[in-house]
Amino acid sequence: MPYVKGTTNVRISTKTLYLGFVAVTCFLFTNARASADNNIYVGDLYDDSIMEYDLGGHRSRFGSASQPHALAIDSNGNLYAQSGGNILRFDSSGHSTVFASGLIAQGLAFDSSGNLFASDSWSFRILKIDPS
């Protein structure tokens, strides 16, 4: 599982990607997910955006969302993020659509059948969301 450690690197299993943050830069990351093409996506609460990092450590804004957290990536490479009371689906170009609404997911995960599971802190339940 990817995680953000301190403010100087992102570690994915045994590989470490050094991002070279400038000391005066302020980030408030929520979590990180790695895609099949080895890019890392991080929810940035401070900037209301989802940032994308390549293996060279280059950072770019992937998409915008209100305090994005609970990231997940499906088998087609679409990124999902909790934003406000919605789960947004981002295509590969960073454009978002509302995938599900009326919940506050603290965690998102896909099973092998492509179903999305969300831990909803409003209802205190784990919800199974059929992608179709």
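# A tour of an all-strand model

Start by selecting Ile87, Phe99, Leu103, Leu108, Leu116, Ala118 and Ile129: these have the most contacts inside the largest nonpolar core, which has 13 residues. A nonpolar core here is a set of buried Ala, Val, Leu, Ile, Met, Phe, Trp, Tyr and Cys residues joined through side-chain atoms within 4.5 Å. Buried means under 20% relative accessible area, exposed over 50%, and partly exposed in between, with a 1.4 Å probe and protein chains only.

Strand 8 (69–73), strand 11 (96–101), strand 12 (105–110), strand 13 (116–120) and strand 14 (125–129) each supply at least two of its residues. A second, separate core has nine residues, including Phe62, Ala65, Ala81 and Phe90.

**Before going on**

This is a predicted model, in which local features need pLDDT of at least 70 and side-chain atom pairs count only at pLDDT 80 or more, while totals for chains, interfaces and linings use all residues. Residues are numbered from 1 along each chain as its sequence is written, and side-chain values use heavy atoms, with hydrogens and water left out.

Colour by pLDDT, the predictor's confidence in each residue, from 0 to 100. The protein averages 79, and 77% of the residues score at least 70. Select residues 1–26: the pLDDT there is below 50, and this stretch has 40 contacts in the model beyond near neighbours in sequence. Contact means heavy atoms within 4.5 Å.

**The whole protein**

Switch to a cartoon view. The protein has 14 strands and zero helices; both are DSSP runs numbered from the N terminus, helices being H or I with at least four residues and strands E with at least two. Of the 132 residues, 40% are buried.

Two strands pair if DSSP finds at least two bridges between them.

Zoom in on strand 9, residues 79–83. Five of its five residues are buried. Leu79, Ala81 and Ser83 lie on one side, with Tyr80 and Gln82 on the other.

Which residue of strand 9 stands opposite His69? That residue is Gln82. Three bridges join strand 8 to strand 9. The hairpin of these two strands has five residues between them, and Gly77 takes a positive phi near 90° there.

On the other flank, strand 9 and strand 10 (residues 86–90) pair over five bridges.

**Last stops**

Return to Leu108 and show its surroundings. Not counting residues up to four places away in sequence, Leu108 touches residues including Arg33, Tyr80, Ala81, Gln82, Ile87 and Leu116.

Finally, select Ser35, in the loop between strand 4 (29–34) and strand 5 (40–44). Is Ser35 buried or exposed? Ser35 is buried, because its relative accessible area is 13%. With residues up to four places away left out, Ser35 touches Tyr41 and Ile73.
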